[in-house]
Amino acid sequence: MSITPSQGAKFARIMSVGGSRGSRVVDNAEMCTMIESSDEWIQQRTGIKERRWAAEGEDAVTLGTAAAAKAIERAGLKPEDIDAVLVSTVSHFQQTPSMATIIADKLGMSEPAAIDVSAACAGFCYGVGMADGMVRAGSAKHVLVLGVEVLSKYTDFTDRSTAFLFGDGAGAVVIGPSDTPAIGPTLWGSDPSQHQVINIDDWRDERPDGQGPFIHMEGRQVFRWATTFIAGKARETLDAAGLTPEELDVFIPHQANNRITDSMLRHLKLPASVVVARDIACMGNSSAASVPLAMEALLDSGDATSGQTALMIGFGAGLVYAGQTVVLP
C-alpha cells in the first residue's frame, strides 16, 4: 500500500495585486503637532513626507477585504475560486478566529483554507513563499496572500523615535498556476536572539489610561541588522533565482526607511536602470502591507510593468526576514 501524493502545477505566479490605504492623510506638519520633531528631520531620517491612517469606519478587516476583493477581480476570478487565504498581520488582537477566516467570510467564500501568519514586516513574503509551495504541491490552485496593518492604533505618541513611522493599509496578491517559472526560491529565516528588538505590548496587560498595546523598537539595532545582514540576504535571494543585478528590473524592499533602502542598493550594486520602490514617502511603514502596496503603486503609475522581474524582501520583528524574485503581474 502506498499513499498517493498531491501534485500541482509545475510553476506558480503572481496573477494580480490589489491595495487599500487608510483614508486619512497625515503629513509631517500635522505629525509635528503630536510629537516634538520637524518635517526636515523626519524626511532626512526616513524619507517619509506623509502617512496614511485608517479613518473612522476603517479597520484592518475593512482595508484587508477591499484589497483582497481588488486582487481577486484583477485576477479574473471570483471569491469562490480561492482555495486558501493567508493573512499576515500584527494588527489582529484576537487569538481566534483568525483574520483570514473573517475576511474570507466578508468576501463570501465558502470553505477556503484560512490562516494568519505572524511574521511582521516579512509576513507578506513569507505568505508568497507558502503560496508558491501550495500551488506547486497541489494543495491549492489559487491562493490569496494578504498583508494588512492598522499600526496607527498601536503607536505610542510619547515615543518621538517611532511615532512618525507607521501607516495603515492592506496589499493582496493572488497566486496561481503558471506555464513558466515566475516565483524564484524563497529565502527566509530569523535571528531569534534579537526577538525583543521590535515588539508590541502584550494585549492582555491593562493600562490605567486605557491606551495601547504599543509598538516598541530599538531603532539603531534594527538599522544595523537591516543594512548588513539583510542586505546580504537580498543578494543571496537574487543569486538563488539565477539572476544577476543587470537582469533585474525592479527592487521592492520593505518600506521601513529610505536610508536602509539606499544601503541595500549600494550592497547589491544594482544598475541605475532598476526601478526602486519608494512608497514610504507617502505611506509610512505599513509592516506586512508595505511590499504589496509598493508593488501596486509602481504598476499603477507605470514605473514598473507586467512581466518585469522584481526582487522583493521583507524584514522585521522577530527578527525575521523573507524574500523572493518574482515576475510582476
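Two strands are taken to pair if DSSP finds at least two bridges between them; helices (H or I, at least four residues) and strands (E, at least two) are themselves DSSP runs, numbered from the N terminus. The model is predicted, so that local features need pLDDT of at least 70 and side-chain atom pairs count only at pLDDT 80 or more, whereas totals for chains, interfaces and linings use all residues. Residues are numbered from 1 along each chain as its sequence is written, and side-chain values use heavy atoms, with hydrogens and water left out.

Strand S1 (residues 11–21) and strand S7 (residues 168–178) run antiparallel and are joined by 10 bridges. Within this pairing, Val-17 has Val-173 of S7 as its bridge partner. Nine of the 11 residues of S1 are buried, where buried means under 20% relative accessible area, exposed over 50%, and partly exposed in between (1.4 Å probe, protein chains only).

Both strands belong to an open sheet of five strands, ordered S1-S7-S6-S4-S5, with mixed pairing. The edges are formed by S1 and strand S5 (113–117), each of which pairs on one side only. From one strand to the next, the twist averages 15 degrees; axes are lines fitted to C-alpha atoms, for helices over the stretch in contact, and angles run from 0 to 180 degrees between N-to-C directions. Eight bridges connect S6 and S7 in the antiparallel sense, and Leu-146 stands opposite Ala-172 in S7.

Helices accompany this sheet. Helix H4 lies across strand S4 (84–88), S5 and S6, and runs at about 135 degrees to S5. Helix H5 (residues 123–137) packs on the sheet by touching S1, S4, S5, S6 and S7, and its direction makes about 170 degrees with that of S6. Contact here means heavy atoms within 4.5 Å.

Helix H3 (residues 60–74) comprises 15 residues and reaches 21 Å from its first C-alpha to its last, close to the expected 21 Å; the expected span is 1.5 Å times one less than the number of residues. At the start of H3, a side-chain oxygen of Asp-59 comes to within 3.1 Å of the backbone nitrogen of Val-61. The buried residues of H3, among them Val-61, Gly-64 and Thr-65, pack against S1, H4, strand S6 (143–150) and S7. After H3 comes Gly-76, with a positive phi near 75 degrees.

Ile-103 lies in H4 (residues 99–106) and counts as buried because its relative accessibility is 0%. Residues up to four places away in sequence aside, Ile-103 touches Val-61, Gly-64, Thr-65 and Leu-146.

Seven aromatic pairs are found in a search of the whole structure. Rings of Phe, Tyr and Trp (its six-membered ring) pair if their centres lie within 6.5 Å; planes under 30 degrees apart count as stacked, over 60 as edge-to-face and the rest as tilted. The rings of Trp-225 and Phe-229 are stacked because their centres are 6.3 Å apart and their planes lie at 15 degrees. These two residues are four apart in helix H6 (residues 219–240), and therefore about one helical turn separates them. Trp-225 is buried, at 5% relative accessible area, whereas Phe-229 is partly exposed, at 34% relative accessibility. Phe-229 also forms an edge-to-face pair with Tyr-321, the ring centres being 5.5 Å apart and the planes at 75 degrees. This pair links distant parts of the chain, since Tyr-321 lies in strand S14 (residues 320–327), 92 residues from Phe-229. Ring pairs link Trp-225, Phe-229, Phe-315 and Tyr-321 into a cluster.

Technical notes
Polar contact = N/O pair within 3.5 Å; in protein donor to acceptor, adjacent residues only side chain to side chain.
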